[in-house]
Amino acid sequence: MVTVVFGAGGNVGRNVAAGLSSAGEKVRLTSRKPLPTGFPPGAEVVTADLESPETLPAVLDGAQRVFLYAKPEGIDGFVTAAESAGVQHVVLLSSGSVLHPDAAHNPIARSHIAVESALENSGLAWTFIRPGMFATNTLWWWRDSIRDESTVRVPYPDAQTAPIHEKDLAALAVTAFTRPGHRGRAYPVWGPESLSIRQQVRHIGAAVGREITLEPISVEQARVELGKTMPPIGIDAILAAWQAGTIAPPQVSTVVADVTGRPAHTFAQWAEDHANDFR
Ligand SMILES: NC(=O)c1ccc[n+]([C@@H]2O[C@H](COP(=O)([O-])OP(=O)(O)OC[C@H]3O[C@@H](n4cnc5c(N)ncnc54)[C@H](OP(=O)(O)O)[C@@H]3O)[C@@H](O)[C@H]2O)c1
């Protein structure tokens, strides 16, 4: 059985590919770049762009399963190509934002809803993974200032969030593919523990082996800082999540342990795994 892993160089896609391979499954890895870096030697790598449907039939030929990133612009073309190729099961990396009360007015939620709806209305079996905040976001926000100045600047240092390790999202996808009972299921997933930003920075400092200073800044300054690495749509989402985390602790979940049978990674473990990224 062949599984096409779209975005196999991405944070989650890379771990889905590794998890399936180590379970003895055949994988076909995609990238939009003709010569992607960082893919395992000997892997079957193909060029494909979910927003260019004409690239998809060749990639999906002979495949039964697909790990998919949400790209609403190309989803109709994807569904047509996947149905024609005889794909049986799609695991979509969606977003917990689809569950927000204001999802219909939130552009991030709307793009994921569009892809979920297209799959629900197709003849394909699907599983949706709907994560909250990724731990990898801290690389966007703080990597440079930790590397260069051993400092993190944030507007809400005591805001609580529940970051998720990308390996746990990948483990959910691998389990959904390889064990029965996950078709037609949607899994909202948050991290296993609620931690303040102060505590998260302390874990990163412990992993890196040096003290990191936390410098409170205004929301306006934070917009400028975040704007160095993030699009405006993401900045609004993260500032709103941090502000909410000052009022009430975030949701945490046990879904990783419930579905995979293994406990979710803690943020301290994530920081250990990524210590070199901050050095
Ligand atoms: N960050 C969060 O807190 C959060 C929370 C909930 C949901 N999400 C969702 O999770 C996803 C991001 O996951 P991630 O961190 O694993 O992403 P990532 O590391 O940025 O990787 C994205 C992958 O998608 C591939 N890709 C992008 N556009 C593509 C296209 N048009 N056709 C085919 N492949 C394409 C890229 O591959 P190439 O460049 O090699 O082509 C890349 O490997 C997003 O959909 C986001 O909405 C994120």
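I began with the secondary structure: the protein chain has 12 helices and 11 strands (DSSP runs numbered from the N terminus, helices being H or I of at least four residues and strands E of at least two). I note that the model is predicted, that local features need pLDDT of at least 70 and side-chain atom pairs pLDDT 80 or more, while totals for chains, interfaces and linings use all residues. Residues are numbered from 1 along each chain as its sequence is written, and side-chain values use heavy atoms, with hydrogens and water left out.

**Overall form**

I looked up the radius of gyration: the protein chain has 19 Å, which agrees with the value near 19 Å for a compact globule of 279 residues (taken over C-alpha atoms; the rule is 2.2 Å times the number of residues to the power 0.38). The C-alpha trace spans about 55 × 40 × 35 Å along its principal axes.

I then checked burial, and 48% of the 279 residues are buried (buried is under 20% relative accessible area, exposed over 50%, partly exposed in between, with a 1.4 Å probe and protein chains only). The chain exposes about 13000 Å², with 51% supplied by carbon and sulfur atoms (Shrake-Rupley method, 1.4 Å probe).

For contacts (heavy atoms within 4.5 Å), I took pairs at least 6 apart in sequence; 73% of these join residues at least 24 apart.

**Charges and salt bridges**

I find 23 positive and 28 negative charges, their mean positions 4 Å apart. Lys and Arg count as positive, Asp and Glu as negative, and His and the chain ends are not counted; each charge is placed at NZ of Lys, CZ of Arg, CG of Asp or CD of Glu.

The whole structure holds 9 salt bridges (a side-chain nitrogen of Lys or Arg within 4 Å of a carboxyl oxygen of Asp or Glu).

Arginine 153 and glutamate 215 meet at 3.4 Å, N to O. Arginine 153 is in strand S7 (residues 151-154) and glutamate 215 in strand S11 (residues 213-216), 62 residues apart. Glutamate 215 is partly exposed, at 35% relative accessibility.

Arginine 198 pairs with aspartate 158, the closest N and O atoms being 2.9 Å apart. Arginine 198 is in helix H7 (residues 197-208) and aspartate 158 in the loop between S7 and strand S8 (160-161), so the pair ties together parts 40 residues apart in sequence.

Aspartate 273 and lysine 167 meet at 3.3 Å, N to O. Aspartate 273 is in helix H11 (residues 267-273) and lysine 167 in helix H6 (residues 166-178), so this pair ties together parts 106 residues apart in sequence.
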